[in-house]
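Here are my notes for your first look at this model. Keep the structure open beside them as you read.

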Amino acid sequence: MTKQTELGGTFTFSNTSMTVKRMGYGAMQLAGPQVWGPPRDVNEAIAVLREAVESGVNHIDTSDYYGPHVTNQIIKRALHPYPKDLVIVSKVGAKRGADQSWNPALSRQDLIDAVHDNLRNLRLEQLHVVNLRVGRPEQPAKGSIAEPLTVLAELQRQGLIRHLGLSNVLPEQLAEGQKITEIVCVQNLYNVARRNDDGFIEDLEKQGIAYVPFFPLGGFTPLQSSKLDATAASLESTPMQVALAWLLQRSRNILLIPGTSSRSHLRENLKAASLRLPAHVVAELDSIGGETKRRAGVPGAASSAR
């Protein structure tokens, strides 16, 4: 049995009975190259999932459009019947083309089909959390989300979904969504270098809403990467471990979902939960994001992350 660790403490989703370890696992990389088709080694993929849960992970992020269908089928094969405390969070709002493209899928029928695909391939009667994915590939886009979210709220009332979240959204879209249904989590691109959501995270923390950043090493310039590499070397850690540790220290409502298809890489990621960054290191890392925000003209660029 793999030794369980604290994994960054716990977070309870607002107005729910769901409490998860803050270090979770993202299942996207369990599919084949370009998140398409089966993995090169299905047995290793199964072993990664089982070791993650044995290590204490009880929050898995997935979607039935990973593969498509492949990732959820592997989760079912590896973990069903599921541990009682395991929270599986899925996403809808996109689908894969035959050419491996990623395409919006926000029509009423697309969303209904996606929810039923997730239920079938995960072998669940009710999805724990479903995130509505909108916006452009890596960043939000202005516009109403009322129509697709209303469809998911109907499915929630039917008992097919327990809770709803949003992915790739702006603060005003969250506010719009909250008029339709309760939102328990937001999933956006955010990391040491990409800091546009600093104020959004603080507002979500006040509301008790989880913030789940994706691409912890995405969007770095060569200079920013070199600074992160140097910081990691000084701590005898990997850049990913430092980036994850910074996120855990950034705010109590941040939940992490680093993904991998390797058990050794999984162990490295989980170790980040026990890496405590000294104040001077946090300040150095904050300066990376501050540079990005100053170039973009983002208000509050001089303020440091907590």
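1. Start with phenylalanine 215. Its relative accessibility is 36%, so it counts as partly exposed, because that value falls between the cut-offs of 20% for buried and 50% for exposed. Phenylalanine 214 has 11% and therefore counts as buried. The rings of phenylalanine 214 and phenylalanine 215 form an edge-to-face pair. Their centres are 5.2 Å apart, with 85° between the planes.

2. A word on confidence. This is a predicted model. The protein chain averages a pLDDT of 93, and 93% of the residues score at least 70. Over residues 294-306, however, the pLDDT is below 50. That stretch still has 23 contacts in the model beyond near neighbours in sequence. Where pLDDT is low, the predicted coordinates should not be read in detail.

3. Back to the rings. How many aromatic pairs are there? The count comes to seven. One of them joins tyrosine 65 and tyrosine 66: the ring centres are 5.4 Å apart and the planes stand at 85°, so this pair is edge-to-face. Tyrosine 65 is buried at 9% relative accessibility. Tyrosine 66 is buried too, at 5%. Together with Trp102, Tyr65 and Tyr66 form one aromatic cluster.

4. Look next at threonine 62. It sits in the loop between strand 4 (59-61) and helix 2 (70-79). Is threonine 62 buried or exposed? Its relative accessibility is 0%, so it counts as buried. Leaving aside residues up to four places away in sequence, threonine 62 touches Ala27, Thr71, Asn72, Ile75, Ile88, Val89, Ser90 and Lys91.

5. Seven strands make an open sheet with parallel pairing, in the order 3-4-5-8-9-10-11. Strand 3 (25-26) and strand 11 (210-214) are at the edges; each has a single partner strand, so one side of each lacks a neighbour in the sheet. Further in, strand 8 (residues 127-133) pairs with strand 9 (residues 161-167) over six bridges. There, valine 129 stands opposite histidine 163 of strand 9.

6. Finish with helix 7 (residues 222-234). Its 13 residues reach 18 Å from first C-alpha to last, close to the 18 Å expected. Which residues of helix 7 are buried? They are Gln224, Leu228, Thr231 and Ala232. These cover an arc of only 100° around the axis, which puts them on the same side of helix 7. On the other side, Pro222, Leu223, Ala233 and Ser234 are exposed. Just after helix 7, glutamate 236 takes a positive phi of about 55°.

Notes. Residues numbered from 1 in each chain as written. Predicted model: local features only at pLDDT ≥ 70, side-chain atom pairs only at ≥ 80, totals over all residues. Heavy atoms only, no water. Helix = DSSP H or I, 4+ residues; strand = E, 2+ residues; numbered from the N terminus. Expected span 1.5 Å × (residues − 1). Buried < 20%, exposed > 50% of the residue type's maximum accessible area, 1.4 Å probe, protein only. Arc of directions from axis to C-beta. pLDDT = per-residue confidence, 0-100. Contact = heavy atoms within 4.5 Å. Pairing = 2+ DSSP bridges. Phe/Tyr/Trp six-rings, centres within 6.5 Å; stacked < 30°, edge-to-face > 60°.
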